[in-house]
Amino acid sequence: MNSSIAIPRSEPIPTREVTEPPLTLAIHDDGRLWASRAGRSLPVRIRRCFPWSAPDRYLSLHAEDNQEFALIADPSTLDAPSRRVLQQALTEASFVFRIHKVHAVEEDFELRCFHVETAQGPRAFQTALDAWPRETPEGGLLIEDVAGDVFRIEEPDALDERSRELVWELLD
């Protein structure tokens, strides 16, 4: 008695590659980064996605309503003018935040969490526990977070008393 089961041969499932309309980037007269795709154009902000080991890949473009408009997995897929605009926008997006006040510095599982007030508004960021503020030749301090953003305290002595205490604890 043969108890084999016949398995029907199936044809390969046809696949259709989904291609999105081309994405173009430009800096408009208002100085903002604009993204255009399929006849729709709007101002966007760049957000780097994981992995942080590939900071120039996997870039999310978010509209003002904080919704993702486009994801750039590989900038080489953009046309040359858009790649240049993207590089310029990335450079500008990684500018230095200037800290005016330090609200809190807490340690949490191998990270140091900062809550600060900057010229651009309130910010929270993290550093590795073994990453310490670096003094600048002018007497300021630089703090680099785990995402590669740089925070600067231009005049540590000009901070309010509580901020100075929190900062000096990191330097002693």
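Select strands β8 and β9 first: they form a hairpin with two residues between them. Helices (H or I, at least four residues) and strands (E, at least two) are DSSP runs, numbered from the N terminus. The model is predicted, so local features need pLDDT of at least 70 and side-chain atom pairs count only at pLDDT 80 or more, while totals for chains, interfaces and linings use all residues. Residues are numbered from 1 along each chain as its sequence is written, and side-chain values use heavy atoms, with hydrogens and water left out.

**The strands**

Strand β9 covers residues 121-128, and eight bridges join β8 to β9 in an antiparallel arrangement. Two strands count as paired if DSSP finds at least two bridges between them. Select H115 to find A124 of β9 opposite.

Next, display β7. Eight bridges join β7 to β8 (residues 111-118), and these strands also run antiparallel. D108 stands opposite L111 in β8. At the turn of this hairpin, which has two residues between the strands, F109 takes a positive phi near 45 degrees.

On which strand does β7 have a parallel partner? Strand β7 (residues 96-108) pairs in the parallel sense with strand β12 (residues 150-153), over three bridges. V96 stands opposite V150 in β12.

**The aromatic cluster**

Select F97, F114, F125 and F151, which ring pairs link into a cluster. Rings of Phe, Tyr and Trp (its six-membered ring) pair if their centres lie within 6.5 Å; planes under 30 degrees apart count as stacked, over 60 as edge-to-face and the rest as tilted. The count comes to three aromatic pairs. The rings of F97 and F151 have centres 4.9 Å apart and planes at 20 degrees, so this pair is stacked. F97 in strand β7 and F151 in strand β12 are 54 residues apart, and the pair thus links distant parts of the chain.

F97 counts as buried at 8%, and F151 is buried at 2%. F151 also stacks with F125, at 3.7 Å centre to centre and 15 degrees between the planes. F125 lies in strand β9, 26 residues from F151 in strand β12. F125 counts as buried, at 5% relative accessibility.

Move to R152 in strand β12. R152 is buried, with a relative accessible area of 16%. Leaving aside neighbours within four places in sequence, R152 is in contact (heavy atoms within 4.5 Å) with residues including V96, F97, R98 and E138.

**Salt bridges**

A salt bridge is a side-chain nitrogen of Lys or Arg within 4 Å of a carboxyl oxygen of Asp or Glu. The structure holds six salt bridges. Select R98 and E154, whose closest N and O atoms are 2.5 Å apart in one of them. R98 lies in strand β7 and E154 in the loop between β12 and α2 (161-171), so the pair ties together parts that are 56 residues apart in sequence. R98 is partly exposed at 35%, and E154 counts as partly exposed at 36%.

Then select R162 and E165, which form a salt bridge with closest N and O atoms 3.5 Å apart. Both lie in helix α2, three residues apart, about one turn of the helix. Salt bridges that share partners join R98, R152 and E154 into one network.

How values were computed
Buried means under 20% relative accessible area, exposed over 50%, partly exposed in between (1.4 Å probe, protein chains only).
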